Amino acid sequence: MVDVGENSLNGYERNVLHRNNGDGTFSDVAHVNRADRIEDGRGVAILDYDRDGRLDVLIRNYRQPAELLRGTGPRRHWLQVKLTGTASNRDAVGARIVAVTGDRRQLRVVGAGSSYLSSGSLVQHFGLGDATAVDRLEITWPSGRVDVVRDVAADRRVAVTEGRGIVTANGKEVRDANAPHHAARR
Ligand SMILES: [Ca+2]
Ligand SMILES: [Ca+2]
């Protein structure tokens, strides 16, 4: 064994930030976003801490201060979805959410433990570009139940409870609106 003292064998690699080009490829855009710092990173958590509809990045570095990178890109439309399981586990870990806008489908899978000793928010974020609503939000719960909610207005955070559809939007109770149109067991 080599004694490296206070140093880290992992070194200080330049951080990267990958943009999804939407065509199956990614581009490293760290340099234009000033995210290409040389740090000894460990955990990373993705969340929208200031709830402005743009995702932010929290980085935990080894023997260095943590860093919060605030997303300041152009404002486009978005939808954030927080699931609560009933028959499934309460945090809905393992649930799959498909958001359909026009001919575009986006998938988010609710996970816990997305990075080393850390995890991103359980709130699932969908960037919608120019779309002002999600045509169809399809949730496959860990229990096997499938809930579908149609015509979900953008630019807000909705809470969806298994079997009940949208129960709150931006923290306010939603009554009878957006109830699941279709619920089935696989
Ligand atoms: Ca690094
Ligand atoms: Ca934000």
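How many bridges pair S4 with strand S5 (residues 67–69), and in which sense do the two strands run? In this predicted model, S4 and S5 pair over three bridges in the antiparallel sense, where strands are DSSP runs of E with at least two residues, numbered from the N terminus, and two strands pair if DSSP finds at least two bridges between them. Residues are numbered from 1 along each chain as its sequence is written, and chains are lettered from A and ligands numbered from 1 in the order in which they are written. Because the model is predicted, local features need pLDDT of at least 70 and side-chain atom pairs count only at pLDDT 80 or more, whereas totals for chains, interfaces and linings use all residues.

The chain contains 15 strands and zero helices, helices being DSSP runs of H or I with at least four residues. Of its 186 residues, 18% count as buried; a residue is buried if 20 or more other C-beta atoms lie within 10 Å of its own, exposed if 12 or fewer, and partly exposed in between, with C-beta atoms placed from the backbone. Among the contacts in the chain with a separation of 6 or more, 48% are accounted for by residues 24 or more positions apart, two residues being in contact if their C-beta atoms, placed from the backbone, lie within 7 Å.

The pairing of S4 with S5 belongs to an open sheet of three strands, which has the order S3-S4-S5 and antiparallel pairing. S3 and S5 stand at the edges, each with a single partner strand, so that one side of each is left without a neighbour in the sheet. On average, and with direction ignored, neighbouring strands of this sheet are turned by 20° against each other, the axes being lines fitted to C-alpha atoms (for helices over the stretch in contact) and angles running from 0 to 180 degrees between N-to-C directions. Strand S3 (residues 41–47) is joined to strand S4 (residues 56–61) by six bridges in an antiparallel arrangement, and glycine 43 stands opposite arginine 60 in S4.

A second open sheet consists of five strands in the order S9-S6-S12-S13-S14, and its pairing is mixed. Here S9 and strand S14 (172–173) stand at the edges, and each has a single partner strand, so one side of each is left without a neighbour in the sheet. Strand S13 (residues 165–169) pairs with S14 in the antiparallel sense over two bridges, with alanine 169 opposite lysine 172 in S14.

S7 pairs with strand S8 (residues 104–109) in the antiparallel sense over six bridges, and isoleucine 97 stands opposite arginine 108 in S8. The hairpin of S7 and S8 has two residues between the strands, and in this hairpin glycine 102 takes a positive phi near 60°. S7 also pairs with S10, again in the antiparallel sense, over five bridges, and the bridge partner of arginine 96 in S10 is threonine 140. The covered face of S7 holds Ile97, Ala99 and Thr101, while Arg96, Val98 and Val100 make up the uncovered one.

Two residues of S6 may be set side by side. Leucine 79, found in strand S6, counts as buried because it has 25 C-beta neighbours inside 10 Å. Not counting residues up to four places away in sequence, leucine 79 touches Ala99, Phe126, Leu128, Val134, Val152 and Ala154, and its C-alpha atom is separated by 5.4 Å from that of aspartate 155, 76 residues apart along the chain. Threonine 84, which also lies in strand S6, is partly exposed, with 16 other C-beta atoms within 10 Å. Leaving aside neighbours within four places in sequence, threonine 84 is in contact with Arg90, Ala92, Ala159, Thr161 and Glu162, and the C-alpha atoms of threonine 84 and glutamate 162, 78 residues apart along the chain, are separated by 6.3 Å.
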